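The following paragraphs accompany the sequence and the model. Please keep both in view while reading.

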Amino acid sequence: MFLIKKNWKKWTTAASLAALFAAPPAWADDLDAPQGVTDTEIRIGHLGPQTGPVAAYDKIRMGIQSYFKHVNENGGVKGRKLRLIAYDDQYQPGRTVQLTKRLVDEDKVYAMLGNVCTPCNVATRRFNERSGIPMLMTSSGSKQFVDPPIANYMGSSLANYEFEARVLTNYIATSLKAKRVVVAYQNDDYGSPLAEAAKEALKEYQDVELVGEVNFQAADSDLSTQAQRIRQADPDAILAFSTPAPAAQLKKALYNIGLSEPAFLVSSVGGDSETMFDLAGKEVWNGTISSAVLPKPDQSDDESIKQYIEQFGKDYPKVALADWGQTGWAAAEVLVEALRRSETLSWDDFLSAFDSFDNWTGSMYAGVSFSEHNHYGLTSMFITEAKDGHIVPISKPITFDPVTGQISGG
């Protein structure tokens, strides 16, 4: 361990990082005395963008922090306070790799919670698997983290991407009756798999034609070229897979050239937040269709929602309640419940505790389930629409069976 710390800068090169990943930390097998646990606290790590083009996701950290404060003010967990250690990786995989090492090797966190960004999580997956550090409710819907199950990866705070792509595609074909579709996507490990899943799903509808596709980068601020290409394709529906900022930029670029007739659908990662009205403009974003896994604060009297409104509103009075803060809060609820169910705080006992979740309804989520063969955690979502500054549900819950692949409800 001393060697790792002493040569920190040396390890940040690509070649030396590869060498580091070849072996797990020496303490990885010492599960009876897990790191990050003292007589007074349990340290939890989180990585996500706090600055940069997708800094809107920093609200996930805020939600985690707010729930931890709520728990700590009510006695903590197993006699200990929860302590969040969070770093800004700016949605850059290279920074994520360095900061993951820092959390695991220097801060010695007990587990990671809600880490943001699919490409960033891809970059650190091998190291995390080898270290055995519990990776909980990762903020990525990519199935590679849960299917097939990985021993130390439990759940996603988002809907599975392929499931989401199929649901949105089905909505285009059956509810909107669209015939000509353009797929627009962020060209990275997040957007590309979703686009491929949507294009594959479109093949199931013989009367629906894929008339074009455009891509862009997460940091792109001018999408006028993509908007012109979409207009030339003459679609009646646009299906976008994007993080918030480029989703807003694309919708604005389409609006600026008068292309407001095609239905605009965007995945939950880029659309399930009232922040989008600020990023794109209220008039521009109105009518956007998206998907969601959490009810909005003004649409539920659930006890968890009430606690969130009170605590998060007090902690972050200038931040919208109907936003990604809910994602962090809900993910933290799952973590805390697993800690409470764990016989001891060894990693073995803690990770085994997740198998006892059978449609658990004690969080904001409609239901959370895990088993030996199901590490998804979340398998329900619903369709929403942006209306007059609010995100409102326009469908009943839609459920995905990770074993059979069947989709039902809606």
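Rings of Phe, Tyr and Trp (its six-membered ring) count as a pair if their centres lie within 6.5 Å; planes under 30 degrees apart are called stacked, those over 60 edge-to-face, and the rest tilted. By this criterion, ring pairs join Y110, F350, F354, F357, W360 and F370 into a cluster. The model is a predicted one, in which local features need pLDDT of at least 70, side-chain atom pairs count only at pLDDT 80 or more, and totals for chains, interfaces and linings use all residues. Residues are numbered from 1 along each chain as its sequence is written, and side-chain values use heavy atoms, with hydrogens and water left out.

E337 is found in helix 15; helices (H or I, at least four residues) and strands (E, at least two) are DSSP runs, numbered from the N terminus. Apart from its neighbours within four places in sequence, E337 is in contact (heavy atoms within 4.5 Å) with F357 and W360. With a relative accessible area of 17%, E337 is buried, because buried means under 20% relative accessible area, whereas exposed means over 50% and partly exposed lies in between (1.4 Å probe, protein chains only).

The whole structure contains 16 aromatic pairs. Y308 and F312 lie four residues apart in helix 14, about one turn of the helix.

Which residues of helix 14 are buried? They are S304, I305, Y308, Q311 and F312. These residues cover an arc of only 145° around the axis, which puts them on the same side of helix 14; the arc is that of the directions from the helix axis to the C-beta atoms. An α-helix has 3.6 residues a turn, so residues three or four places apart point the same way. On the other side of helix 14, E310 and K314 are exposed. The cover over the buried residues includes helix 4 (58–73) and helix 15 (325–341). At the N-terminal end, D302 caps helix 14, with a side-chain oxygen 2.8 Å from the backbone nitrogen of S304.

Elsewhere, S242 sits in the loop between strand 8 (237–241) and helix 10 (244–256). Its relative accessibility is 0%, so S242 counts as buried. The side chain of S242 reaches the backbone nitrogen of A247 at 3.1 Å. Beyond its neighbours within four places in sequence, S242 is in contact with residues including Q186, Y190 and F216.

G405 lies in the loop between strand 15 (398–400) and strand 16 (407–409). G405 and F163 are 242 residues apart in sequence, yet 8.5 Å apart in space, C-alpha to C-alpha. Leaving aside neighbours within four places in sequence, G405 is in contact with R166 and F400.

Technical notes. A polar contact is a pair of N or O atoms within 3.5 Å; within protein, one must be able to donate a hydrogen and the other to accept it, and residues adjacent in sequence count only if both atoms are side-chain atoms.
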